[in-house]
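Hi there,

Here is the structure I promised to pass on. Have a look at it first, and then read on for what turned up in it.

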Amino acid sequence: LPSLSLPSSMHLIQVDSVQRWMEDLKLMTDCECMYILQSKPISIEKDEQNELILSSQYSACDNLQLLLKRAWIISTELTRIAQKLEKNRWQRVHSLTVRVNCHVRSMINEYNTFTRNSSEEMHQFEKLLIDKCLEFIAFTERCIQTEDEQILKSMKSCVNETLTTVAQHFGQLIELVLTHEAQNLLRQIELSDSVCITESAISSLFSLTQEGAHLCRIIAKEGGVVALFKICRQDSFRCLYPQTLRTLASICCVEEGMHQLEKVDGILCLADILTDNTHSEATHAEAAAVIAQITSPHLTFTQHLSSFLENMEEIVTALVKLCQEASSGEVFLLASAALANITFFDTMSCEILLQLNAMKILLAACSDKHRVNTPYSRDQVVTILANMSVLDQCASEIIQGNGVELLMEMLFERSSSGNSAEVAACERVQQKSAVTLARLSRDPEVADAAVKLSCIPRLIKLCRSPTERNNSDSVLVACLAALRRLAVMSPDGLEDLDFQQLVKPRLVDSFLLCTNMEESFV
């Protein structure tokens, strides 16, 4: 009998106890064991050198990337907890809470292995976060142990509140850690005379700037712009100028960076670099990138750049020269982007460009595939042409440089890759070339040249065929405006139907007609 009962008892154990234990184990993992095991190296060596020191295995940049990756995971998991909590999926809430706790401990442990000078404030935040995570686990554990809906409903608000607190403590700790790291890197940049150490610190700082605007704000507040411009004023660090300027361009995407740039006479420094012929083309290109960033029309905080106007003529002259002498498409793109933004920034720049024969230089560049080889570059060129076309003197320059022919070509701009960014750039090229034609066609000579180059049929095609303009409304409006201007100058160039639908009605009525057209209608 005993031998017969043994398999039966084994079966009961497997179903009722072992299986249940296995299921619970997924949720009740010992976090303390997990985070310690994750952090220990596997080695048979006993000496002190084998202590876990991540900074000896990885660069500071790698360590920061590891930290940011772990922070991103935690942030994602906290979002998932909120989603599961909303659906009352308590088992998932609890398991995710345990996972967050493990990730938090691992992050703190990993960070402390490569940071030897953590502040007391940071240790307090770490303890606060860990304690709150344990409290969170205890809350969710109680929730999965009850099935009473009323109790769960009353506990849900407590769990929500604890989740919010965990998220706040986590955010504060990350803010403190990143500030601490930024301070360390900037201290290295300010105190080191070594090119190698400074280069490494700037590289790590640049990596931080690529993580978003918030990190750029932290770096700016900690004096990043000041430290980097200090490098740009030392001849001993000339080889680091391109890298330094690239980092500055990233930081200056935020208002704090712009304010710091103004305080340290950054515009004057950039003007000096651009006009100094002893600098490399790479340095000039990166200086142009900073100019492009700080004059971006998308930024709302450029009004305080009063010193820019004082140095504008020097800067514009240097940028035109860089466009003319650019050895690659990338260099031309950076220089032309800076010029395009400046033409939005101040109208006086267009007059300076006219005096410098910039129109002729840019039109000539467009026939050089080595310099202007992408829709992005053509976007910058046509932006400059569109902004300059408000000046009456531009018409003759356009005629002399075969500019109308170029604008006609740009009306055919199409993406070869289908990449969304490239498609958007092609749309901008089409739109701005139509705008430029509309503005310049007030001059009879330009209008006549446009008609002879068959601009009217192309504009009609863009209006009537959504696929030709990639369904872009902005291209449609620009083409309708250009068509109406040319129709005034050359009314015989349109068939009656086109005139009745695209020219005679109000612009808004023609627009609505074209946006509702089916392809089969064309």
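Let me begin with the largest pocket, which holds about 450 Å³ of space. Its lining is made up of 19 residues, and the closest to the pocket centre are Ser296, His298, Ala337, Asn341 and Gln380. Please keep in mind that this is a predicted model.

Which helices build that lining? At least two residues each come from helix 11, helix 14, helix 16 (329-345), helix 19 (375-388) and helix 22 (420-440). Helix 16 gives the largest share, with five residues.

The structure has one cavity of 30 Å³ or more, and about 40 Å³ of space lies in the largest cavity. Around this cavity you will find Leu67, Met107, Ile108, Tyr111, Glu126, Leu173, Ile174 and Val177. Helix 5 (90-114) and helix 7 (149-191) each contribute at least two residues to the cavity lining. Seven residues of this lining are nonpolar, none is polar and one is charged.

Next, helix 13 (residues 266-275). Is helix 13 largely enclosed or open? Seven of its 10 residues are buried, so helix 13 is largely enclosed by the rest of the structure. Those buried residues are Gly266, Ile267, Cys269, Leu270, Ala271, Ile273 and Leu274. As for what surrounds them, the buried residues of helix 13 pack against helix 10 (224-231), helix 11 (241-251), helix 12 (255-263), helix 14 (281-294) and helix 15 (306-325).

Finally, a helix pair. Helix 8 (residues 195-209) packs with helix 9 (residues 213-221) at an angle of about 135°, and their axes lie 8 Å apart. Angles of 65 to 115 degrees count as roughly perpendicular and those over 145 as roughly antiparallel, and helix 8 and helix 9 are therefore oblique to each other. Where do helix 8 and helix 9 meet? On the helix 8 side the residues are Leu205, Leu208 and Thr209, and on the helix 9 side they are Leu215, Cys216 and Ile219. Five residues of this contact are nonpolar, one is polar and none is charged.

Enjoy exploring it, and write back whenever you like.

Best wishes

Definitions and conventions. Residues are numbered from 1 along each chain as its sequence is written. This is a predicted model: local features need pLDDT of at least 70, side-chain atom pairs count only at pLDDT 80 or more; totals for chains, interfaces and linings use all residues. Side-chain values use heavy atoms; hydrogens and water are left out. Axes are lines fitted to C-alpha atoms, for helices over the stretch in contact, and angles run from 0 to 180 degrees between N-to-C directions. Helices (H or I, at least four residues) and strands (E, at least two) are DSSP runs, numbered from the N terminus. Angles under 35 degrees count as roughly parallel, over 145 as roughly antiparallel, 65 to 115 as roughly perpendicular and the rest as oblique. Contact means heavy atoms within 4.5 Å. Ala, Val, Leu, Ile, Met, Phe, Trp, Tyr, Cys and Pro count as nonpolar, Asp, Glu, Lys and Arg as charged, and the others, Gly among them, as polar. Buried means under 20% relative accessible area, exposed over 50%, partly exposed in between (1.4 Å probe, protein chains only). On a 1 Å grid over the protein atoms alone, a cavity is a set of points where a 1.4 Å probe fits but cannot get out, and a pocket is an open set with protein on both sides within 12 Å along at least five of seven lines; lining residues have an atom within 4 Å of a point. Grid points are joined across faces, edges and corners, and a volume is the space filled by probe spheres set on the points.
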